[in-house]
Structure formats: C-alpha cells, structure tokens
Amino acid sequence: MDRKRVSDPQDAALGKFQGSIERISDFRSQAFNHNLGRNVRVVEVLTHVAKMVEDGRQFSGQVTCVAAERQNFSSPKNLTHLGLPAAPSQAAHFLPGQIQIGGQNIWEWAADRSTRRRLEFLFAEVEHLPVAFNQADSAAERKGEPCGLAAAFAAACAAVIKQSDSQIGEPPHRPGLTGAVPHPRSPAGRMFDWASMRTAHPDSPASKSSLAFLKNSGRRDHFSVLGLAAWGFEAWRSGAEEALRLAATAKNEKPGLPPLEGNRFDGYTAESISRRSTAGTRLWNQDDAARILQHYLEDQQQRTAAWARGVCSRLL
C-alpha cells in the first residue's frame, strides 16, 4: 500500500528519525511493548476525542476504522542491529487502523492545528518488528468485520462521541461480540448479566453515582474528559481481549510446524529435526504469529480501566 508521511514537515522529519532508532529486545518483550504502545495510543486518541466532545464539537456520520493512510517510515530490507544483519522486519503500526467519521479522517474534525497534528501523527506511528508481528496484527484487526481490534477501536470512539447526559448510563455496545444489550428497564434488562459487560446496571447506586458526577461537573475540564475517555476505553478493552483471543485460537487451529519427536533430555529424532528445520518461512511465521497473539492477550489483560484513567490523567 502506498502510504504517505504526515502532512506537517516537522512531524514528518520526527517520524523519519524514529525509524533510525535501533531497539534490541527479546521476542516476548517486543510483543508486550507493542501491545502496550497500542493501548497508550488508543487512550490518547480517546482523550482527544473526549476533549473535542466537551468543547462542543458536533460529529456526524458513521464511525469506522479503515486501513492506515499514514506511515512515518518503512523498514529497509537491509536492517541491522549494532552493525550486524537483522532478520527481515516490517514497520508495524501501533493503532489497529485509521478512524474516520462520516468518511472524514478524525484529525480533520479537530478545531485547532495542534490537535490535528498530534492525531495525524498518532495514526502514522510504527516501529520496526519481525514480519510475523504484522501478520499477528492483521489477524487480530480483522478490518471490515464485527469482531476485531478495528471494530473495537471504532466502537470505543463511537462510545465517546455518542455520549450525552441521557446516554452516560448506558454500557457500550459491541456488535458481534456480546450480542444485543437490552434496555435496562425492560424485563430482559432486569435479568441481563450486566457484569458480563464489565459494568453495573445503569440504575444501580454505583452507576448513578458515576452519572451524577459527570452531570454535576458541568465543566469542560479534566474530570469530564477523563470520564468520557475511560468510558470509551471500556468498549475497547473488552473488545480487544475478545479479538486477540479469537485470533490466537484461529492461528493455533491451522496446521503448524512439524513437531519434534523425542525429548530434550534424551534427544530428538533426526527425522523430526530435519522436517522442522526445512519447514517453509510461512509455517515459521505462522507459529511466531500465534505466540505473538498469546503475548498480546497476556498484556491486554493488564490494561484495566484504572490503568487507562492513569494514562489519561497524565495526558491531561
């Protein structure tokens, strides 16, 4: 895909410089760091969207997550680490796609130049990673489908945008992941397992307390932006966990590398070693992608609403 750098010359130069930085870490750490970076940037996007909502921005149109159009740098084919040849790498985006509202890039909705620059840069941020990382990301993103990181990201932004005094008490809806959420005062709503949505019944004391706080703040300040961004992160968090779990299961169900026969104490058979060592690159990348998705899921389970509030508070 022919992707472009960000439009601001200074940001474009910064993004290009980032591509020259060498980072060395083990495979598991790379996966944890990449997923952490994704979540931090999701929180930052939600914080910007919440601030725009609180500043009175009126959005219109469907919220979608499409393939990225911006990319700060590309990975060279002859990438090195400390002067030594490195394994083939690709530039992997942190965010699962580019958010559009009514077909318009989300940064184009920002009223001030600073916010437009920062949002555009966030969607262009990438890092050098082994090829299998982009394969794992694509399997989890599932753009255009209802159950993927892209859908969860769009649902999170939509949850923030659609907030109003009458909507704050309603839990985010994630099509395709948990089914339809009933009206809280309907017979089905009274029997519904609201804990499965990681939230309280909208009429519960805990939910009413949160709603009253947001209503009574009445200010476009730190607290209401924090509440909106945290609300959106709830939609992202549970949707992302489900997307990563589905992607990892799908990868593991595919035929993988030939197994080693024997054990590490007595040794493995020469035949099984030969079959495994001569397996094609596709099978090795598939095996790596399955492990990456498991690492992503392990890290994602640590990204709680309390964690997101901490990130949002620092951003504000």
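Which residue in β6 is the bridge partner of Gln-100? The partner is Asn-105. The model is predicted, so local features need pLDDT of at least 70 and side-chain atom pairs count only at pLDDT 80 or more, while totals for chains, interfaces and linings use all residues. Residues are numbered from 1 along each chain as its sequence is written, and side-chain values use heavy atoms, without hydrogens or water.

Two bridges connect β5 (residues 98-101) with β6, and these strands run antiparallel. Strands pair if DSSP finds at least two bridges between them. Helices (H or I, at least four residues) and strands (E, at least two) are DSSP runs, numbered from the N terminus. The open sheet has three strands, in the order β1-β5-β6, with antiparallel pairing. β1 (63-66) and β6 (104-105) stand at its edges with a single partner strand each, so one side of each lacks a neighbour in the sheet.

Helix α5 (residues 149-161) packs on the sheet and touches β1 and β5. Contact means heavy atoms within 4.5 Å. The direction of α5 makes about 150° with that of β1. Axes here are lines fitted to C-alpha atoms, for helices over the stretch in contact, and angles run from 0 to 180 degrees between N-to-C directions. α5 has 13 residues and reaches 18 Å from its first C-alpha to its last, close to the 18 Å expected at 1.5 Å a residue. That expected span is 1.5 Å times one less than the number of residues.

Twelve of the 13 residues of α5 are buried, so the helix is largely enclosed by the rest of the structure. Buried means under 20% relative accessible area, with a 1.4 Å probe and protein chains only. Phe-153 and Cys-157 are among the buried residues of α5. In helix α4 (residues 131-141), the buried residues include Phe-133 and Asp-137. Arg-142 follows α4 and has a positive phi, near 50°.

The largest nonpolar core has 59 residues. Such a core is a set of buried Ala, Val, Leu, Ile, Met, Phe, Trp, Tyr and Cys residues joined through side-chain atoms within 4.5 Å. Val-45, Ile-99, Phe-123, Phe-153 and Trp-236 have the most contacts inside it. Beyond its neighbours within four places in sequence, Val-45 touches residues including Leu-95, Phe-123, Phe-153 and Cys-157.

Zero disulfides were found in the whole structure. A disulfide is a pair of cysteine sulfur atoms within 2.5 Å. The sulfur of Cys-157 lies 8.0 Å from the closest cysteine sulfur, in Cys-65, too far for a bond. Cys-157 counts as buried because its relative accessibility is 0%.

Conventions. Buried < 20%, exposed > 50% of the residue type's maximum accessible area, 1.4 Å probe, protein only.
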